[in-house]
Amino acid sequence: MLMKTIIKINFLTVFLLAFNVLAGNVTSHKTINFVIVGDTHSTGNIPAIVTGNVPAIVKRINKLDPQPAFVMFIGDIAGADSDPNAYKDMVAFEKLCKNLRAPHYYTLGNHEAIKVSLKRCSWQQIFKVYNLKERWYSFDVGDFHICVLDGFIGMNSKGYGSNAGKAMPVLDPSNIPTSLFKRQQEWFLTDIKSTNKKVIIFIHQAIGFYQHDNQYWIDIANWKFWPPGNFFEKTFEANRDKIVGVFEGHKHHALWKKRNGVVYHQIGASFGQSGGQFAQVFIDPCLETFYVQAHPHATHHNKKFRVQQSYGDPAIMKNFQKKKGINNEN
Ligand SMILES: [Fe+2]
């Protein structure tokens with residue numbers, strides 16, 4: 001009797017699985033949904049940012065239904081460079097983010113490194129507050145492999161941040177350092193080779209764009225920062241069949257482009273007048289299509305403004321929500 005029941009249950013499982021595959025449901029269920037929060041630059045020096053944008057961001061992310069698989073803060077997170085209370089700002093920031101319902105992660109930006117070089121805090125403090133073991137790391141979510149890279153590392157060799165406060169050095173391959181960067185390169189090459197899943201990259205620096213992509217970019221020209229042919233660009237292109245998106249911050253403006261087979265996204269900054277905007281991303285691993293939903297929703301493409309835009313194929317999000325029984329857009 002028991003054996004008959006087991007056979008019946010197994011038959012039912014196979015039947016339902018086959019039905020779902022034929023109906024296209026399996027593909028939809030594998031779609032990933034995550035949130036990226038662009039440069040927050042949260043600091044106690046400007047109380048409105050700590051008490052305004054970050055709590056608002058947390059509150060609005062927590063209202064998303066369905067919830068994102070994770071939330072990524074993509075660098076230049078908390079504490080102004082000149083702020084002697086940078087460590088306290090970081091702790092306050094993380095305390096707020098602990099209220100997120102979804103797990104959250106951090107990508108390191110240049111302003112994390114600069115604070116160390118100005119002795120506002122130590123690397124140990126940054127690692128402890130943001131729960132990092134290393135400046136780069138990876139993890140798996142469903143059918144995806146998430147790689148988080150340190151894009152500022154090439155800017156500084158021994159001190160890692162030792163050039164902060166001075167003019168930024170021109171990077172050329174012969175100037176790109178040394179042990180830390182080499183260690184990251186070796187790790188990344190091994191890590192991306194070892195996975196069979198689709199890969200999503202997070203890196204603070206704008207690897208995928210050139211200065212002429214937007215005349216309103218902040219900071220120095222990208223080609224000086226990471227010249228064409230740099231390690232990251234070459235490795236992304238060599239793995240274009242696996243990589244379904246490279247997400248970047250730093251430039252504070254939203255933009256995307258496909259270059260040499262790799263799709264790069266610039267995420268708008270979430271500090272100050274942005275009012276705490278963020279991007280919700282949906283990627284279908286089978287179709288390799290995506291949709292970026294801006295919160296608040298905006299579709300205008302004036303490059304002058306720092307507004308996060310919604311773009312891509314909205315059917316990816318709608319199908320995902322439909323399968324989860326959600327009818328409203330958040
Ligand atoms: Fe930055």
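Asn 260 is found in the loop between β8 and β9 (262-266). Helices (H or I, at least four residues) and strands (E, at least two) are DSSP runs, numbered from the N terminus. Residues are numbered from 1 along each chain as its sequence is written. This is a predicted model: local features need pLDDT of at least 70, side-chain atom pairs count only at pLDDT 80 or more, and totals for chains, interfaces and linings use all residues.

**Exercise 1. Work out whether Asn 260 and His 252 are buried or exposed.**

Step 1: get the rule. A residue is buried if 20 or more other C-beta atoms lie within 10 Å of its own, exposed if 12 or fewer, and partly exposed in between; C-beta atoms are placed from the backbone.

Step 2: apply it. Asn 260 has 10 other C-beta atoms within 10 Å, so Asn 260 is exposed. His 252 has 24 other C-beta atoms within 10 Å, so His 252 is buried.

Step 3: check the backbone. Most residues other than glycine have a negative phi. Here, phi is positive for Asn 260, near 50°, and for His 252, near 70°. His 252 sits in the loop between β7 (243-248) and β8 (255-259).

**Exercise 2. Describe the surroundings of Ile 61.**

Step 1: Ile 61 belongs to helix α3. With 24 C-beta neighbours inside 10 Å, Ile 61 counts as buried.

Step 2: list contacts (C-beta atoms, placed from the backbone, within 7 Å). Skipping neighbours within four places in sequence, Ile 61 is in contact with Val 35, Val 71, Leu 100, Ala 102 and Phe 278.

Step 3: compare sequence with space. Ile 61 and His 295 are 234 residues apart in sequence, and their C-alpha atoms are 9.2 Å apart in space.

**Exercise 3. Give the strand order of the six-stranded open sheet, and say which strands stand at its edges.**

Step 1: strands pair if DSSP finds at least two bridges between them. The order is β4-β5-β6-β7-β9-β8, with mixed pairing.

Step 2: β4 (137-141) and β8 each have a single partner strand, so they stand at the edges, and one side of each is left without a neighbour in the sheet.

Step 3: zoom in on one pair. β5 (residues 144-149) and β6 (residues 198-203) pair in the parallel sense over six bridges. Ile 146 stands opposite Ile 200 in β6.

**Exercise 4. Decide how to read residues 9-28 and residues 156-177.**

Step 1: pLDDT is the predictor's confidence in each residue, from 0 to 100. The chain's mean is 80, and 75% of its residues reach 70 or more.

Step 2: pLDDT stays under 50 over residues 9-28, where the model has nine contacts beyond four places in sequence. pLDDT also stays under 50 over residues 156-177, with 40 such contacts.

Step 3: where pLDDT is low, the predicted coordinates should not be read in detail.

Technical notes:
Two residues are in contact if their C-beta atoms, placed from the backbone, lie within 7 Å.
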